[in-house]
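Let's walk through a structure together, one feature at a time. Ask whatever you like as we go.

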Amino acid sequence: MSEPMKYETIKIEKENGITWLILNRPEKRNAMSPQLHAECNNALYNLATDPETQVLILTGAGDAYCAGQDLKLFFRGTEGKPRERFEAAENSHTWRWQRLSRFPKPTIAMVNGFCFGGGFVHMIACDLAVAADEATFGLSEVNWGIIPGGSVSWNVADVLNFRNAMYYAMTGDPFSGKIAAQIGLVNYSVPGASLRDETIKLANKLKEKNPMTLRYTKEAIRSVRGMNEMQATDYLNAKTDALRLRDPEKGRDTALAQFVDEKLFRPGLGNYVRDKK
Ligand code: COA
């Protein structure tokens, strides 16, 4: 697991602190095969500690983001092969939810086109999501006689309100990037022609922040959702102390001095000056 593999179904591109993880089966609309799951699992394991990766953007090659599980290779191809089925399912869940939702750097899903079924899991696992207005989303499972399985129903029920989760899961109706933004499935949508630039703009905004603070912030928001008030305040107090201890930039102390003593910045309007040299 630890050594990077030679990838055939995904591409990794790095530029200016941004790492692009690109699902690369455009001829199959980036449907997820067992091989793609194994490669994504390996890639995320290695990128987690890659110093060049400040922000991770997940997207698809060609016109599609991800057409869900590969019906032929993931489902039919592993029928009657318990070992292969187990391995594919393990890899599938591990990268799409566990590795991605716990990735130590900020993650953005850039939904450039078709996003169906199992593609929702990694799209929702990312911290943020930006879609092309023209992208097509759909919980198509009902159209072919299955439920949104794996963790899809759980992810969708978590991120959408009850009526929208029910509506799109029960009808299977496809919907656009604009609708995805209206119902809060993605942060916003933009015309497809400017999707890449707008996503890079968002990534660059994140790159300006203190990385350790960002990591602790995303962990905190995710973790408190399952806690009661007492657990959350206790956890957040401990997390606050841990950040002060572990932050190599000592951001809090620097920022306090810059605001209170030096009158150098206003936290309400922007970030402290991270490198004064
Ligand atoms: N699994 C396996 N193969 C898939 C696939 C999937 N989920 N989605 C697309 N493909 C394959 C098609 O079989 C076709 O292969 P072929 O060229 O060997 O015939 C190729 O990708 C192109 O697909 P096609 O349907 O011709 O493209 P399109 O642009 O007209 O339509 C979609 C794109 C995504 C709307 C359509 O392919 C589709 O509905 N896919 C299934 C989506 C889905 O329900 N996913 C949920 C799975 S849980």
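Predicted model: local features only at pLDDT ≥ 70, side-chain atom pairs only at ≥ 80, totals over all residues.

Q: Which residues are around the ligand?
A: A residue is near a molecule if one of its heavy atoms lies within 4 Å of it. Here the residues around the ligand are Glu27, Lys28, Arg29, Ala31, Ala67, Gln69, Asp70, Leu71, Phe114, Phe116, Ser140 and Trp144. By class, this shell holds six nonpolar, two polar and four charged residues (Ala, Val, Leu, Ile, Met, Phe, Trp, Tyr, Cys and Pro count as nonpolar, Asp, Glu, Lys and Arg as charged, and the others, Gly among them, as polar).

Q: Which protein atoms lie 2.6 Å, 2.8 Å and 3.4 Å from ligand atoms?
A: Look for polar contacts: pairs of N or O atoms within 3.5 Å; within protein, one must be able to donate a hydrogen and the other to accept it, and residues adjacent in sequence count only if both atoms are side-chain atoms. In this model, a side-chain N or O atom of Ser140 is 2.6 Å from a ligand oxygen. A backbone N or O atom of Ala67 lies 2.8 Å from a ligand nitrogen, and a backbone N or O atom of Glu27 lies 3.4 Å from a ligand oxygen. On its own the ligand has 860 Å² of accessible area, and the protein covers 58% of that (areas come from the Shrake-Rupley method with a 1.4 Å probe; for residues, only the protein chains shown count as cover).

Q: Is Asn41 buried or exposed?
A: Buried means under 20% relative accessible area, exposed over 50%, and partly exposed in between (1.4 Å probe, protein chains only). Asn41 counts as buried because its relative accessibility is 3%. It lies in helix H1 (residues 34-47), where helices are DSSP runs (H or I, at least four residues) and strands are too (E, at least two), numbered from the N terminus.

Q: What does the side chain of Asn41 contact?
A: It makes a polar contact with the side chain of Arg99 at 2.6 Å. The side chain of Asn91 also makes a polar contact with the side chain of Asn41, at 2.7 Å. Asn91 sits in helix H3 (residues 82-101) and counts as buried, at 16% relative accessibility.

Q: Where is Gly117 found?
A: Gly117 is in the loop between strand S6 (114-116) and helix H4 (119-125). At 5% relative accessibility, Gly117 counts as buried. Gly117 and Gly68 are 49 residues apart in sequence and 4.9 Å apart in space, C-alpha to C-alpha.

Q: Which residues of H10 are buried, and which exposed residues are on the face turned away?
A: In H10, Ala232, Lys239 and Leu243 are buried. They cover an arc of only 40 degrees around the axis, so they sit on the same side of H10 (the arc is that of the directions from the helix axis to the C-beta atoms). The face turned away from the buried side carries the exposed residues Met230, Asp234, Asp241 and Leu245.

Q: And which residues of H11 are buried?
A: In helix H11 (residues 251-261), they are Gly251, Ala255 and Gln258. Seen down the axis of H11, these fall within an arc of 65 degrees, so they line one face of the helix. After H11 comes Lys263, whose phi is positive, near 50 degrees.

Conventions:
Residues numbered from 1 in each chain as written. Heavy atoms only, no water.
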